[in-house]
Amino acid sequence: MKTRDILKVRVLLFFAILILSAMNLSYGQESVPVMPSSNPSSPLPSVLPSSSAKSKISGQWISPRIPQGIRAGELEKTLEKPSLEEKFPFPLDISATPGDTFVDVSWSPVARAKIEEFQIDEPISGYIVFYGTESGNYTQKVDVGEVSSYRIRNLKNYTPYFFALRAYTRSKKLTAFSNEAKAVPKPKEDLKSTVERVFSEEIPQAVSKDLKQFGYDLFSSRISSFAPVTDVPVGPDYVVGPGDSFIVSLWGRVEAQFDVRVDRNGEITLPKIGVIKVWGLTLSELKKTIHDHLSRYYSGFQMNITMDKLRTIRVFIVGEAQMPGSYSLSSLSTAYNALFAAGGPSKRGTMRNIKLMRNGAVIKTIDLYDFLLKGDRSQDERLQSGDTIFIPVIGSVVGITGNVKRPAIYEVKTRMRLEELIHLAGGVTFLGYLQRVQVERVEAHEKKVVADFDISESLEKRGTQLDTPLQDGDLVKIFPVLPTTQDIVYLEGHVKRPGGYEFKLGMKLLDLISSFDQLLPEPYLDYADIIRLIPPDFHPETISFNLGGLLRGDPSQNIELWEHDRVTVYSREGLQEIPRVTISGAVQNPGKYRLLNNMRVKDLIYNAGNLKRSAYLPEAEITRLVKTEEGVTSRIIKINVGQALMENSAYNIPLQEDDYLFIREIPEWYTDKVVTVRGEVKFPGIYSFSKGERLSSVLERAGGFTEYAYLKGAFFTRESARRIQEERIKRFIDQLEEDILETQARSAEAALSEKYVKALEQSLVVRKEMLQKLRAAKVTGRVVIALGTLDTFKGSKYDLELENGDALTIPQKPGIVNVLGSVYNPTSIIYAKGKTVDFYLNTVGGPTPDAEEDEIYIIKANGTVISKTQKGSSGLAWDSETSRWVSSSFMSSKISPGDTILVPTKITRFVWKKELMDWTTILFQIAVAAGVVIAAF
């Protein structure tokens, strides 16, 4: 490797090391990509506290990122202590519910029992929600504090999002990741309820089997933390036990207050009274006992007892609970409080046979369905320390789906009938089809069978069909009624109130369309139709009738209607060509207009916005089509427009369909014609001119030339010339493209030597370059003129008659000459009076070896071109002072200020050179004729 290459490699490596250092990256390091917290004040670290800690997300182990600021020596110290993540995997599941551009994420808070179980020395103080569009790759996070649900907003609909949760302690130690939840936000239309869809006529015909077990969702939505009722009054039936404390207040003849706590022996100590055993007493019994003891020593007093701190009890939740274990709860807690603390029964556990056990005996069997369906809490029981809540395995289940108010999978407590299941599901909706209720059943563990029931009558009369017993695993389907509306006919089309109408037996068309008041303006009276479904296969047929005859009382058109008939009324414009007339010429809005009844010339003129000021009033003409047996001929009608506007009936004649009214313009009417004069005139600007006015006239109106005007460099453009130039260049481009294709085809067919092939390739390259330059050329519409003093210019051949949009620019004397192309120093040179082409070429070092010296040409400041190959240029030169040709060589031609000398590049000699040079000559001749300068070399 060369020394220079080695140096380059070293420089690249140096910059790479700098970039890696700035980014603080480590070789072989994996990271969990997270974005900064949306809470800028959050002191949470954006990474895990240890690089060795790992979190399992969706089956993939993700190594956490090493926190910034930990050096190599400090890393070993950090890894010595187990992180909170290693000791405390996140114990709870999260759920995600989608909405319109948002997702609601909810979870169960970490109970204190779990903290104690993992021996965490500080409580959980908040949660962080991580989310992203890839599983396990969470690109964003948000610190949500101590809540147990949070709405993530500004999400994209129909895009899957993945969510995970981590808890942190007061010292900002992070737990492991929770499970991962997925949700896809959807627009409001996709989130409609079943009832909303029904009323939107989106009646679902399929019966879904996607059912959930009833009641278990109650425990998935959590309060922010479990704090059992400690801020409510303690009832008189509260049983006092060790750990309780209360305040005894005395007033009257005795004023005293005692803070009392029940010790482990269940006893309290009062001054003068001594020890009193209170364990097992209710609050009301406690008050009576203390009052009796105090009455022995005091009289004339009143007493009150207020509970202070309540004791903590320990209960056990076992069986099929979401989080079975031992829980420390308030002594006011009930069985329902404990179930909520444990996350409720799992979906393997029963909801209807939960047992509360005390001292080895079942004291209460809880059926949560009473609470869920009726709000009945009569089965809730106050807990005592040592109680056990046992959740057995779920019993028999049956499902009901379709058009019931609460489709779900229900647990069967005892033998259940079909009527009881429908009642559990809230009853059949108004859309349910009762004539066919289907039960899907597994029979004898061998096969799946179905049975259909008609409960339309038995539901009202409590008949035998509703008494059908259900078995474990049965699925009841309530199908919807047909979406087709019955007893209806439809009125459609050109009517005021289209839609469905009640069908009555014997109904006829006049009952549906009674008068013109029900129709929109201009209905088509000659035809309307009825689309009727003909039994037995209900194929559609058309029955037509005369709408005008029906409304005029023709009984033959008053057809009897059938159910589901669709009556359509058409507009006149839809079935009949609207008669129109045309107006053009000197009106504000020429065009086609609808021919109305009794429409005359004056009406049409005003419909077209009235006449222009340029309108010629004495005469206009109407071209009218006359239909004959042989065909159509036209007839010209002359009218006086002024008399027609004065409502002279001889000229304000009625119009007929397809009439063409032409309003002439006053002869020689000439407005809005302007020419632009810029540069070195005394009063430059935009001038209006009259028809026939010439360029010299506008120059005189502009005050003539200033003393700095350089007339030889005048630049005159014309819009009509520009359009012609564009068309010519377009035709030449098309011709050049055809020639390139023809040359390529010719070379493919011929067997050519290598030398000729290379020459041909060079020829094609040069032609394609010309093609590109032509396409990029900007056409200005320049017209070459020779300006002189106003007295000599006026009346000369260059004193052009003006056209709208003409522009003349007169520059200052430039004082430079441009030498471009294949010279040693292409540049601009200060103009030297009287100097020739040879002088300027020598000034820039002369032509280079690859210059085509025989092709040198000059572009004069006024746009004309002089070249060596030009006819008559050999031995002649243009004298700019006298504006004539003088005998001289091309190299001795005098150069004027603003002129440009172009030296083309030599083209390699080959067989096709003549052909290419012919094209080059044509190209520049067209460009010069168009007034366009193209830098092709």
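1. Where does D658 lie? D658 is in the loop between α15 (641-645) and β34 (660-665). Helices (H or I, at least four residues) and strands (E, at least two) are DSSP runs, numbered from the N terminus. Phi of D658 is near 75°, a positive value in a residue other than glycine. D658 is partly exposed, with a relative accessible area of 42%. Here buried means under 20% relative accessible area, exposed over 50%, and partly exposed in between (1.4 Å probe, protein chains only).

2. On the source: this is a predicted model, in which local features need pLDDT of at least 70, side-chain atom pairs count only at pLDDT 80 or more, and totals for chains, interfaces and linings use all residues. Residues are numbered from 1 along each chain as its sequence is written, and side-chain values use heavy atoms, with hydrogens and water left out.

3. H445 also deserves a look. H445 is not a glycine, yet has a positive phi of about 55°. The loop between β22 (432-443) and β23 (447-453) holds H445. H445 is exposed, at a relative accessible area of 82%.

4. Next, a peptide bond. P535 and P536 are joined in cis, with omega about 10°. P536 sits in the loop between β27 (523-534) and β28 (539-545). For background, most residues other than glycine have a negative phi, and most peptide bonds are trans.

5. Now the surface. F316, V318 and F390 make a nonpolar patch of about 210 Å². Patches take residues with over 30% relative accessible area and no salt bridge; like charges are joined within 9 Å, nonpolar side chains (Val, Leu, Ile, Met, Phe, Trp, Tyr) within 5 Å. A salt bridge is a side-chain nitrogen of Lys or Arg within 4 Å of a carboxyl oxygen of Asp or Glu. V318 belongs to strand β15 (residues 312-319). V318 is partly exposed, with a relative accessible area of 33%.

6. N818 is part of strand β40 (residues 816-821). Beyond neighbours within four places in sequence, N818 is in contact (heavy atoms within 4.5 Å) with T827, S828, D899, T900 and I901.

7. Finally, a hairpin. β10 and β11 form it with three residues between them. Strand β10 (residues 245-252) pairs with strand β11 (residues 256-261) in the antiparallel sense over six bridges; pairing needs at least two DSSP bridges. F246 stands opposite V260 in β11.

Definitions and conventions
Accessible areas come from the Shrake-Rupley method with a 1.4 Å probe; for residues, only the protein chains shown count as cover.
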